[in-house]
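Colleague: Could you take a close look at one part of this model for me? I would like the sheet and the helix that goes with it, in one connected account.

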Amino acid sequence: MFRPQSGYSGFSVDDVPAATSFYRDVLGLETEVVVEGQMFRLRLPGGAAWVLVYGKPDHVVGSFTVLNFVVDDVDVALDDLAELGLEPEHYGGHSDARGVMRGRSADRGPDIAWFTDPAGNVFSVQQP
């Protein structure tokens with residue numbers, strides 16, 4: 001039977017210093033250098049989980065969400081992120097004027113908004 005001891009996720013960026021600065025200085029998350037200028041670890045809030053962020057010269061932006069941040073109130077999170085200069089992505093008819101897909105009121109999942117990092121990777125904030 002498969003029994004891993006631990007696990008982690010990872011994603012690529014085209015500019016490691018810019019990504020480090022974004023996640024550390026803008027979003028306020030803990031980062032740890034693995035190889036200077038080439039990769040770092042990003043500690044996820046609420047626990048000991050880490051994500052490896054690594055530089056890739058031919059980085060291609062994925063068409064999926066690489067990180068999800070759970071918040072108590074998605075609208076407060078949007079206000080906080082707006083103060084940091086971040087605006088949510090608007091995905092067609094799926095989101096409201098603020099950029100939030102309101103799933104909780106229709107029993108379709110969380111209220112969720114998506115943003116991008118400097119490399120174009122998508123991350124979300126969501127209220128369960």
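**The sheet and its helix**

Modeller: Happy to. Glycine 10 has leucine 52, in S4, as its bridge partner. That pair belongs to a set of 5 bridges joining S1 to strand S4 (residues 50-55), and the two strands run parallel. Before going on, a word on the ground rules: this is a predicted model, in which local features need pLDDT of at least 70 and side-chain atom pairs count only at pLDDT 80 or more, while totals for chains, interfaces and linings use all residues. Residues are numbered from 1 along each chain as its sequence is written, and side-chain values use heavy atoms, leaving out hydrogens and water.

Strands (E, at least two residues) and helices (H or I, at least four) are DSSP runs, numbered from the N terminus; two strands pair if DSSP finds at least two bridges between them. On that basis, 4 strands make an open sheet with mixed pairing, in the order S1-S4-S3-S2. Strand S1 (9-13) and strand S2 (31-35) are the edge strands, each pairing on one side only. From one strand to the next, the twist averages 25°.

Helix H1 (residues 16-26) packs on this sheet, touching S1, S2, strand S3 (39-43) and S4, and its direction makes about 15° with that of S3. Contact here means heavy atoms within 4.5 Å; axes are lines fitted to C-alpha atoms, for helices over the stretch in contact, with angles from 0 to 180 degrees between N-to-C directions.

Within H1, Val16, Ala19, Thr20, Phe22 and Tyr23 are buried (under 20% relative accessible area, with exposed over 50% and partly exposed in between; 1.4 Å probe, protein chains only). They cover an arc of only 165° around the axis, which puts them on the same side of H1; the arc is that of the directions from the helix axis to the C-beta atoms.

Now the two ends of the helix. At the start of H1, a side-chain oxygen of aspartate 15 comes to within 3.0 Å of the backbone nitrogen of alanine 18. Just after H1, glycine 28 has a positive phi of about 75°.

Technical notes:
Polar contact = N/O pair within 3.5 Å; in protein donor to acceptor, adjacent residues only side chain to side chain.
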